[in-house]
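Trainee: I have not looked at this structure before. Could you take me through it by question and answer?

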Amino acid sequence: MTPARSPQSGVSAHTDPEVWAPRLARLLDDAIALYERLDELAQRQADLIESGDHDALLGVLGERQGLVDRITAHAADLDPFTSQWSALEPTLPQGHREALRPRLESLGALMRKIVERDEADHHRLAAMRDAAAKDLASIDRSQRATTAYSNQPSSKSTTPRFQDRTG
């Protein structure tokens, strides 16, 4: 069979599943490996948020960004398959379908797990931010109160507060 050109991506995709299914399997395996690493970093991120180790957290976030960039580049290789999946899937023989299904399910499960953990981290960070803002507001009020009271003359002052003018 001859390769057909995908109009969206300009990438060749064979019409014969015996040719493109193994490539898709390799791409899915690579994607799973990338997402497993992202999941590990997401777990480290959650642990660092919990422990309050902000310096290490920044390092993990930088590492995650590099990995997300790799995942984005890899997604371009998967795009010809995902964009045409509804047309490609029915052409798959049962053996390829059975080989690809667990990979697709695994990838989907990893993605959901990472999103859930990131949402929980987002809420935890938002709560920490709100608590810090509340603490700062409390400190500001305390400082203003201290300043207001420090401008008042002290009762132990050596300057007389009352004078007897009637003599």
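Mentor: Start with a term: a salt bridge is a side-chain nitrogen of Lys or Arg within 4 Å of a carboxyl oxygen of Asp or Glu. Keep in mind also that this is a predicted model.

Trainee: How far apart are N and O in the salt bridge between R117 and D39?

Mentor: The cut-off for a salt bridge is 4 Å between a side-chain nitrogen and a carboxyl oxygen. The side chains of R117 and D39 meet that rule, with an N to O distance of 2.6 Å.

Trainee: Which helices does the pair of R117 and D39 tie together?

Mentor: The two residues are 78 apart in sequence, so the pair ties together separate parts of the chain. R117 is buried, and D39 is buried too. R117 belongs to helix α4, and D39 to helix α1.

Trainee: Which residue forms a salt bridge with D39 at 3.2 Å?

Mentor: The closest N and O atoms of this bridge are 3.2 Å apart, and the partner of D39 is K113. The pair links distant parts of the chain, 74 residues apart, with D39 in helix α1 (residues 17–51) and its partner in helix α4. The residue asked for is K113.

Trainee: Is K113 buried or partly exposed?

Mentor: Buried means under 20% relative accessible area, and exposed means over 50%. D39 has 11%, so D39 is buried. K113 has 39%, so K113 is partly exposed.

Trainee: Which residue meets R64 in a salt bridge?

Mentor: The N to O distance in this bridge is 2.7 Å. The pair links helix α2 (residues 54–82), which holds R64, to helix α4, and the two residues are 54 apart. The partner of R64 is D118.

Trainee: What is the relative accessibility of D118?

Mentor: R64 counts as buried because its relative accessibility is 10%, under the 20% cut-off. D118 counts as partly exposed, and its value is 24%.

Trainee: Which residues are joined into one network of salt bridges?

Mentor: The structure holds ten salt bridges. Some of them share partners, and these join four residues into one network: R37, E40, R44 and E63.

Trainee: Which element gives the largest share of the largest nonpolar core?

Mentor: The largest nonpolar core has 26 residues, and W20, L24 and Y35 have the most contacts inside it. The elements that give two or more residues to this core are α1, α2 and α4. The largest share, 14 residues, comes from α1.

Trainee: What does Y35 contact beyond its neighbours within four places in sequence?

Mentor: Y35 is one of the residues with the most contacts inside the core. Leaving those neighbours aside, its contacts are I71, L107, L110, M111 and I114.

Trainee: Why is the pair of W20 and F81 called tilted?

Mentor: W20 is buried at 2% relative accessibility, and F81 is buried at 4%. The pair links helix α1 to helix α2, its members being 61 residues apart. Planes under 30 degrees apart count as stacked and over 60 as edge-to-face. The ring centres of W20 and F81 are 6.0 Å apart and the planes are at 35°, so the pair is tilted.

Trainee: Which residues does D121 contact beyond its neighbours within four places in sequence?

Mentor: D121 lies in helix α4 (residues 94–150). D121 counts as buried because its relative accessibility is 1%. With the near neighbours left aside, D121 is in contact with A42, Q45, A46 and I49.

Trainee: What share of the 167 residues counts as buried?

Mentor: The accessible surface of the chain comes to about 11500 Å², and 55% of it belongs to carbon and sulfur atoms. Buried is counted per residue, by relative accessible area under 20%. Of the 167 residues, the buried share is 25%.

Trainee: Over which residues is the pLDDT below 50?

Mentor: The chain averages a pLDDT of 83, and 80% of the residues score at least 70. Where pLDDT is low, the predicted coordinates should not be read in detail. The stretch below 50 has 22 contacts in the model beyond near neighbours in sequence, and it covers residues 1–13.

Technical notes:
Residues numbered from 1 in each chain as written. Heavy atoms only, no water. Buried < 20%, exposed > 50% of the residue type's maximum accessible area, 1.4 Å probe, protein only. Areas by Shrake-Rupley, 256 points an atom, 1.4 Å probe, with all protein chains shown as cover. Helix = DSSP H or I, 4+ residues; strand = E, 2+ residues; numbered from the N terminus. Contact = heavy atoms within 4.5 Å. Core = buried A, V, L, I, M, F, W, Y, C linked by side-chain atoms within 4.5 Å. pLDDT = per-residue confidence, 0-100. Phe/Tyr/Trp six-rings, centres within 6.5 Å; stacked < 30°, edge-to-face > 60°.
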